[in-house]
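Subject: Structure for you to look at, with notes

Dear colleague,

Here is the structure that I promised to pass on to you. Please open it beside this message, and read the notes below with the model in view.

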Amino acid sequence: MDDKKGTGTGDKLKILKKYISEKNIIQGLRYIILALLVFLCGVIAVASFERGAGLPVILTLASAAALVFSMVMKIFVMRTFLRKIAWYVIDSLLLLVFTVFSSWGISLVFGSSYIFLVYMLVLSEYYLSAPSLRDCAIMFAVNLAAYTVVYIINAVVRNEFGSAFLISSQYFLVLIVLVLHFIMFNFAMTVSRKNKQIEENLRELEESRNELLRAYEKVEEATVIEERNRIAKEIHDTAGHSLTTVIMQTEAARLAMEKDPARARHCIDAANLQAKNCLEELRLSVHLLSGRRENVTLKEYLEGILDETAEGTSFTVRSKIDDVEMKDEAERFISNTLREGISNGIRHGGSTAFFFELKDMGNYVELLLSDNGAGADMSKFKEGFGLSGMRAKAEALGGMINFSSEPGEGFEIRLSLPGSLKIAKNPQQGDKI
């Protein structure tokens with residue numbers, strides 16, 4: 001029941017807000033202005049008619065009817081300010097005629113008692129429609145000047161300077177009322193326009209914010225999809241390549257088991273190392289895909305790869321690794337280069353010993369991996385898929401890579417990456433900045 005009551009109250013508030021909108025309030029004010037104008041023009045016309053028939057009365061009635069007709073046209077027919085401009089010019093002329101002939105034959109002290117109210121009503125509708133304070137000020141000044149001129153001319157024609165104090169008092173009273181009306185009305189309209197402008201700006205800001213949020217969500221979604229595709233491709237390439245190598249090494253070990261036990265043992269060690277590397281790559285990729293990273297430094301991670309190579313095998317590994325932190329993409333490339341280099345040395349060169357060095361040279365970081373394998377004649381050497389992929393990745397990161405070897409002298413990989421890929425450390429805490 002409470003929910004239904006709350007819902008009903010909310011619906012009523014929405015309906016109330018709809019009908020008490022700024023547009024409806026302004027339109028309601030126009031209807032009130034029209035009603036008051038009809039009443040005042042009627043009162044002044046009746047008073048003029050009671051003074052007797054004649055041309056002044058006819059012109060008063062005609063101008064009053066024309067003012068009412070003009071107000072009706074502006075309220076019900078002419079909806080935009082530009083279309084109303086011609087009618088405002090007509091209003092100014094009608095007000096002059098109405099001012100002159102409605103007070104014809106009577107003293108200015110009494111004849112202008114209601115006329116300035118007609119001015120106020122006509123100007124009020126103008127203030128409601130005008131787009132700026134400047135337009136309102138121009139219309140006010142023009143009509144006030146016209147009213148002043150007519151007032152002075154009437155005083156001169158009727159030779160009422162004997163009651164100059166009363167005439168001037170009446171004029172200044174009208175002047176004060178019209179000025180206060182202008183100030184108060186335009187202050188309210190200026191506040192209304194500013195509020196409307198603020199609401200429009202807030203609505204535009206909200207729309208811009210929503211568009212930015214939608215764009216951000218799309219970019220974020222595209223980034224996530226791109227990263228997942230990259231990791232999936234990396235898993236596919238790593239696992240497929242490593243498992244193929246494991247199968248080839250175990251098959252070679254099976255064939256050499258009886259004829260060459262040492263060769264078979266070497267193949268088994270290589271297959272074991274390749275399987276460990278494959279498992280490590282899969283584990284790292286799964287961690288990356290789930291958004292987690294191991295809490296180890298690059299140095300510790302590389303030392304772990306070297307320990308896995310030496311553990312449970314006959315391989316000898318020596319290393320010298322500086323404690324340097326780099327961006328994720330560079331760290332992945334360095335670790336992959338180390339794994340690929342060791343795997344290639346064992347598989348293709350029959351290597352049993354490796355030396356790995358990672359040095360922070362300030363402007364660049366240098367990696368060196370050398371082995372004691374069979375080596376190769378570089379004049380006839382062709383880079384395979386793995387080595388060409390290393391070169392492409394190094395160049396993409398802004399670095400360079402070189403391969404060097406001689407028959408019987410092992411194989412050497414030398415990689416240089418720019419210092420811009422490093423992540424600075426806080427000298428006091430050792431944390432990444």
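How near do the axes of helix α10 and helix α11 come, and at roughly what angle do they cross? Before the answer, a word of care: this is a predicted model, in which local features need pLDDT of at least 70 and side-chain atom pairs count only at pLDDT 80 or more, while totals for chains, interfaces and linings use all residues. Residues are numbered from 1 along each chain as its sequence is written, and side-chain values use heavy atoms, with hydrogens and water left out.

The axes of α10 (residues 298-310) and α11 (residues 328-349) come within 11 Å and cross at roughly 15°. Here an axis is a line fitted to C-alpha atoms, for helices over the stretch in contact, and angles run from 0 to 180 degrees between N-to-C directions. Helices (H or I, at least four residues) and strands (E, at least two) are DSSP runs, numbered from the N terminus. Angles under 35 degrees count as roughly parallel, over 145 as roughly antiparallel, 65 to 115 as roughly perpendicular and the rest as oblique, and α10 and α11 are therefore roughly parallel to each other. On the side of α10 the contact (heavy atoms within 4.5 Å) is made by L298, Y301, L302, I305, L306 and T309, and on the side of α11 by E331, I334, S335, L338, R339 and I342. These residues divide into 8 nonpolar, 2 polar and 2 charged, where Ala, Val, Leu, Ile, Met, Phe, Trp, Tyr, Cys and Pro count as nonpolar, Asp, Glu, Lys and Arg as charged, and the others, Gly among them, as polar.

The chain as a whole

The protein chain has 12 helices and 5 strands, and of its 433 residues 38% count as buried; buried means under 20% relative accessible area, exposed over 50%, and partly exposed in between (1.4 Å probe, protein chains only). Among the contacts in the chain with a separation of 6 or more, 71% are accounted for by residues 24 or more positions apart.

Helix α6 and its partners

Helix α6 (residues 115-129) has 15 residues and reaches 22 Å from its first C-alpha to its last, close to the 21 Å expected at 1.5 Å a residue; the expected span is 1.5 Å times one less than the number of residues. Since 14 of the 15 residues of α6 are buried, this helix is largely enclosed by the rest of the structure.

One partner is α4, whose axis comes within 11 Å of that of α6, the two crossing at roughly 175°, so that α4 and α6 are roughly antiparallel to each other. Their contact involves residues including F81, K84, Y88 and D91 of α4 and I115, V118, Y119 and V122 of α6, and the residues of this contact divide into 10 nonpolar, 3 polar and 3 charged.

Another partner is α2, which packs against α6 at an angle of about 160° with the axes 10 Å apart, and α2 and α6 are therefore also roughly antiparallel to each other. In this pair, residues of α2 including I26, L29, R30 and I33 meet residues of α6, among them L117, V118, L121 and S124. The residues of this contact divide into 12 nonpolar, 2 polar and 2 charged.

Helix α3 has 23 residues and reaches 31 Å from its first C-alpha to its last, close to the 33 Å expected at 1.5 Å a residue. Its buried residues, including P56, V57 and T60, pack against α2 (22-50), α4 and α6.

Three single residues

T80 lies in the loop between α3 (55-77) and α4 (81-102), and at 42% relative accessibility T80 counts as partly exposed. T80 and S129 are 49 residues apart in sequence but 7.9 Å apart in space, C-alpha to C-alpha.

H181, found in helix α8 (residues 164-256), is buried, with a relative accessible area of 11%. Leaving aside its neighbours within four places in sequence, H181 is in contact with M120, L123, S124 and Y127.

A353 is found in strand β2 (residues 353-360) and, at 24% relative accessibility, counts as partly exposed. A353 touches T316, S370, D371 and N372, not counting residues up to four places away in sequence.

With best wishes
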